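Student: I would like to go through the labels used for this model and see what each one rests on. Can we take them one at a time?

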Amino acid sequence: ELSQLPGKLAVMESLLTESRCAVEEKKAEREAFSKVYRGYEAELEANQARITKREAQLRDVKTNKEYQVIIKEISDIKEKGSEIEDKSLKSLDEIDTCNEVIVEKEKVCLSVQSDIESKKDELNRHAQTLREKVDLTGKKADKVRADLDDKLLEQYAIIRKRAGGAA
């Protein structure tokens, strides 16, 4: 299982990278919806200014026909404002949805990052254990070599060299 850790780590780091990219994409999407929302808010303010202007004109009308025209204009502006408000609310819903997705994806990122760190620690501990075993084996080999006859060691070295390191 420990030999599979590097591969698992690579997969997890790939997942982490994908998750981070997904978070960044959602943040960009949220920013786009925020810009759209701000645009709608500006339109609503402009509509409100038009309504206020038309209502001020109502006080100065001289005929019933002029009055009806201005009332119709105000009604049309309010209707348009209502449509803009609906779009604005949809943008806010999209922003909220993006925020929820971002929070979830950031949780995934943190979880995967934690798993990666845990696996790396496990891999480092295993590597340290292996280094200690290699050192111990080397010390045992040195001890055995010290007890062997020099001619036997020379023959062993020759055979080992001919066999490509395996004797």
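Tutor: We can start with Glu 85, which is partly exposed, with a relative accessible area of 44%. Buried means under 20% relative accessible area, exposed over 50%, and partly exposed in between (1.4 Å probe, protein chains only). This is a predicted model, in which local features need pLDDT of at least 70 and side-chain atom pairs count only at pLDDT 80 or more, while totals for chains, interfaces and linings use all residues. Residues are numbered from 1 along each chain as its sequence is written, and side-chain values use heavy atoms, with hydrogens and water left out.

Student: Where is Glu 85 found?

Tutor: Glu 85 is in helix 2, residues 64–147. Helices are DSSP runs (H or I, at least four residues), numbered from the N terminus.

Student: What makes the nonpolar surface patch?

Tutor: Val 144, Leu 148 and Leu 152 make it, with an area of about 240 Å². Areas come from the Shrake-Rupley method with a 1.4 Å probe. Val 144 belongs to helix 2 and has 48% relative accessibility, so it counts as partly exposed.

Student: Why is Ser 91 called buried?

Tutor: Its relative accessibility is 5%, so Ser 91 falls in the buried class. Ser 91 also lies in helix 2. Beyond residues up to four places away in sequence, Ser 91 touches Phe 33, Val 36, Tyr 37 and Tyr 40; contact means heavy atoms within 4.5 Å.

Student: How many salt bridges does a search of the whole structure find?

Tutor: The search finds seven. A salt bridge is a side-chain nitrogen of Lys or Arg within 4 Å of a carboxyl oxygen of Asp or Glu. One of them is between Glu 13 and Lys 120, whose closest N and O atoms are 3.3 Å apart. Glu 13 lies in helix 1 (residues 5–58) and Lys 120 in helix 2, so this pair ties together parts 107 residues apart in sequence. Glu 13 is partly exposed at 34%, and so is Lys 120 at 32%.

Student: How do you know that Lys 27 forms a salt bridge with Glu 106?

Tutor: Their closest N and O atoms are 3.5 Å apart. Lys 27 in helix 1 and Glu 106 in helix 2 are 79 residues apart, and the pair links distant parts of the chain. Lys 27 has 28% relative accessibility and counts as partly exposed; Glu 106, at 31%, also counts as partly exposed.

Student: What separates Glu 29 and Lys 26 in helix 1?

Tutor: They are three residues apart, and therefore separated by about one helical turn. Their side chains meet in a salt bridge at 3.3 Å, N to O.

Student: Is Lys 26 buried or exposed?

Tutor: At 19% relative accessibility, Lys 26 counts as buried. Glu 29 is partly exposed at 31%. Leaving aside neighbours within four places in sequence, Lys 26 is in contact with Cys 98, Val 101 and Ile 102.

Methods:
Helices (H or I, at least four residues) and strands (E, at least two) are DSSP runs, numbered from the N terminus. Patches are made of residues with over 30% relative accessible area and no salt bridge: like charges are joined within 9 Å, nonpolar side chains (Val, Leu, Ile, Met, Phe, Trp, Tyr) within 5 Å.
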